[in-house]
Amino acid sequence: MLTYNILLVDDDPFILKTIGKALKDKGYKVTTADSGEKAIELLNKSCFDLVITDLIMGNINGFQVLKTGKGLKSEIMAIILTGYSDVALAIDALRFGADDYLLKPCEPEEMYFRVENCLEKLENKKKIRQAEKELLKFKKLESLGTLAGGIAHDFNNMMTVVQGNISLAKLETKPRSTAFELLTEAEKASLRTNDLTARLITFSKGGEPIKKRLHIGSFLNDSVTCALNEYDIDCNFSVSADIRPVEVDESQMKQVIRNIIINAGEAMSGEGVVNVYCENADTGEKNGLMPKDGKYVKISIKDQGSGIPDENITKIFDPYFSTKNMGTQEGMGLGLSVCHSIVEKHDGLITVESELGVGTTFFIYLPASGKEAALPKPATTPESGLPDIGKRKILIMDDEEMVRRVAGLMLNRLGHDAEFAEDGTEAIELYKQAKESGKPFDAVILDLTNQFGMGGKETIEKLFKIDPDVKAIISSGYSNDPVMANYRQYGFSGAMPKPYTKEELSYALAEVISG
C-alpha cells in the first residue's frame, strides 16, 4: 500500500487532533500546522500529496495556502475545510484550484471518501504525467531515428567508395607486401563500420529485415566470438549437426547476439564462461507462443552472472528499462528492447529465464527455412572463386558520382561493361536506347533515393513498361526501407545494401542474371 503525506492546516487545536488521528488510523502520514504561516513554511520544506486546509484563518488564509501549494507542486491535491456559512467561499476555492471541500463538522466516512477520491485523482494525474514523459521520449527517439537514418545513408554511400577503392587498390599491389597488408587491415576496419551503421539503422524508421538464407551455426560462432573480444570470457558452442537453415538479416541478428553477449559480460564482470546452444525446435515446445506454426531453430545463450531479480524479469524487454545508471557511458536501456523488436520482425520469439546467483539464459526462436541455405561467403574471395556469368552490360543509376565511378571500376575488374545515369530519367532513356539498338542491358542497378530526380522505386515502374523482363537490383544506404526488404513486391530481382564489396556485387549480379 502506498503511504501518502498529508498536510492538515487549521487554527482549531481540536480539529487538528481529531481529524489528524482519524487520518493516521487509516495509515496516512499526517503533518499538522496551526496557521497559514506555518503551513507555507512546511510546504517549502517538505513534499506533500494532499493539503487539507481551513479556509478562514488569521493573516494567511486557505486561499493563500492553496496558491502556495499548487505553485510548488502542480500535482498536489487540496481539500478546503469550511463551516456551513462559508459554502460560497468554498465554491470560490474550487474555482481557484481546490479539488474538493469538506463542511465542518464532518463525518469520518465522508472525510475518508473525499480524501480517497482526491488521492485517486492524484494517481491518475501521475499516470498521465508519466504517459506524457514516455510520449516525449518516443518522439525524441523518433527524431533521433530520422537523423540516424539520414546519417547512415550518407555514411554507407561513402563507405561504398572507401571499400570499393580499397579492394581495387589491393588488386594493384603484390600479395604479402607491406602495402597489401596495410590495405587488408584498412579493409577489415571498413567492413566493421557496417555493424555501426546497422545500429543507427535500428533507430531509424522502418527497420524491416533484409533476409537471406544461411547456416546459423557458423554465423552464431562468428557473432559471439566478435562480441566477446572485449571480455576475458570463454565460450562453449554446441550446434546440432542437423540444424535447419534460417532466413535472417545478418546485420540485425548480429545486434541481437551482441547485445545479449554484452549483458552477459557485464553480469559476469568480464570473466567466466558463456554457453551457446543451437538446436531444432517445434512450435509445441512453447505451447503456442510462437507467432506462426511451423519448425524453428532455437538458440540458447547462458551466462554465469548474478541473475535477474523476479521483479525485473518481466520488464527487461521494455524500452528504457535498465538497472544500470542511465547515460551516454552506461547506455539508455534500449539494448534488449532492440533485441525483442528485431526478433519479432523475424517472426520469432525471445524469452528469458534467470536464477539469482546462478545465471541467466536467453532463448531465441527463429523460423526455419524450407529452402537450402546459401553457403557463407568470406569478406574477400579470390578472383577465380567468383561466379562466371560471362561479359555483361550493366547500367548503374546513382546520384553520387564517386559511387558510380567505383562501381564502374569494380564491374570492369569483374569483366563487365558499365554505363552510368545520374537519375531515373537518364536511366530510362539509356535503357530505351540500348534496347532499340539491339544491345540491351543485362541488368540495372538502381539507387533507391535520388536527390536530382526519380529514384529506383519510380524508375523500375517505367522500365517495366519498356521491358517486362528487366532485371533490376535495388541498392541503398537506407537498408531499413521496406522496398529493400520486400524488393520483389516492387518488381526488383535483387537487393544490394550499401556499402557493398566487389565480391558482393559479383554474387548479386550472378543471382539476378542466372536466377
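Where does Pro-499 have its place? In the loop between β17 (494–497) and α15 (502–514).

First, the overall picture. This is a predicted model. The chain has 15 helices and 17 strands. There are 515 residues, and 46% of them are buried. Now take the contacts between residues at least 6 apart in sequence. Of these, 70% join residues at least 24 apart.

Pro-105 sits in the loop between β5 (100–104) and α5 (108–171). As a rule, most peptide bonds are trans.

Pro-108 belongs to helix α5. Pro-108 and Ala-22 are 86 residues apart along the chain. Their C-alpha atoms are separated by 7.3 Å.

Next, backbone angles. Most residues other than glycine have a negative phi. Arg-176 is not a glycine, yet its phi is positive, about 70°. You'll find Arg-176 in the loop between α5 and α6 (178–202). Its relative accessibility is 74%, so Arg-176 counts as exposed.

Asp-347 also has a positive phi, about 60°, and is not a glycine either. Asp-347 lies in the loop between α10 and β11 (349–355). Relative accessibility for Asp-347 is 25%, so this residue counts as partly exposed. The cut-off for buried is under 20%.

Now helix α3, residues 62–72. Which of its residues are buried? Gly-62, Val-65, Leu-66 and Gly-69. Viewed down the axis of α3, those buried residues fall within an arc of 100°, so they line one face of the helix. Turn to the other side of α3, and Lys-67 and Gly-71 are exposed.

What caps the N-terminal end of α3? Asn-61 does. One of its side-chain oxygens lies 3.0 Å from the backbone nitrogen of Phe-63.

Last topic: a helix pair. Helix α8 covers residues 250–267, and helix α10 covers residues 335–345. Their axes come within 9 Å. They cross at roughly 145°. The crossing of α8 past α10 is left-handed.

Which residues meet there? On the α8 side we have Gln-252, Met-253, Gln-255, Val-256, Asn-259, Ile-260 and Asn-263. On the α10 side we have Gly-335, Leu-336, Val-338, Cys-339, Ile-342 and Val-343. By type, the contact of α8 with α10 has 8 nonpolar residues, 5 polar and no charged.

Let me recap, using the display above. Start at α3: buried residues line one face, and Asn-61 caps the N-terminal end. Then check the positive phi at Arg-176 and at Asp-347. Finish at α8 and α10, with their left-handed crossing.

Technical notes
Residues are numbered from 1 along each chain as its sequence is written. This is a predicted model: local features need pLDDT of at least 70, side-chain atom pairs count only at pLDDT 80 or more; totals for chains, interfaces and linings use all residues. Side-chain values use heavy atoms; hydrogens and water are left out. Axes are lines fitted to C-alpha atoms, for helices over the stretch in contact, and angles run from 0 to 180 degrees between N-to-C directions. Helices (H or I, at least four residues) and strands (E, at least two) are DSSP runs, numbered from the N terminus. A crossing is left-handed if the near helix is turned anticlockwise from the far one by less than a right angle, and right-handed if clockwise. Contact means heavy atoms within 4.5 Å. Ala, Val, Leu, Ile, Met, Phe, Trp, Tyr, Cys and Pro count as nonpolar, Asp, Glu, Lys and Arg as charged, and the others, Gly among them, as polar. Buried means under 20% relative accessible area, exposed over 50%, partly exposed in between (1.4 Å probe, protein chains only). The arc is that of the directions from the helix axis to the C-beta atoms. A polar contact is a pair of N or O atoms within 3.5 Å; within protein, one must be able to donate a hydrogen and the other to accept it, and residues adjacent in sequence count only if both atoms are side-chain atoms.
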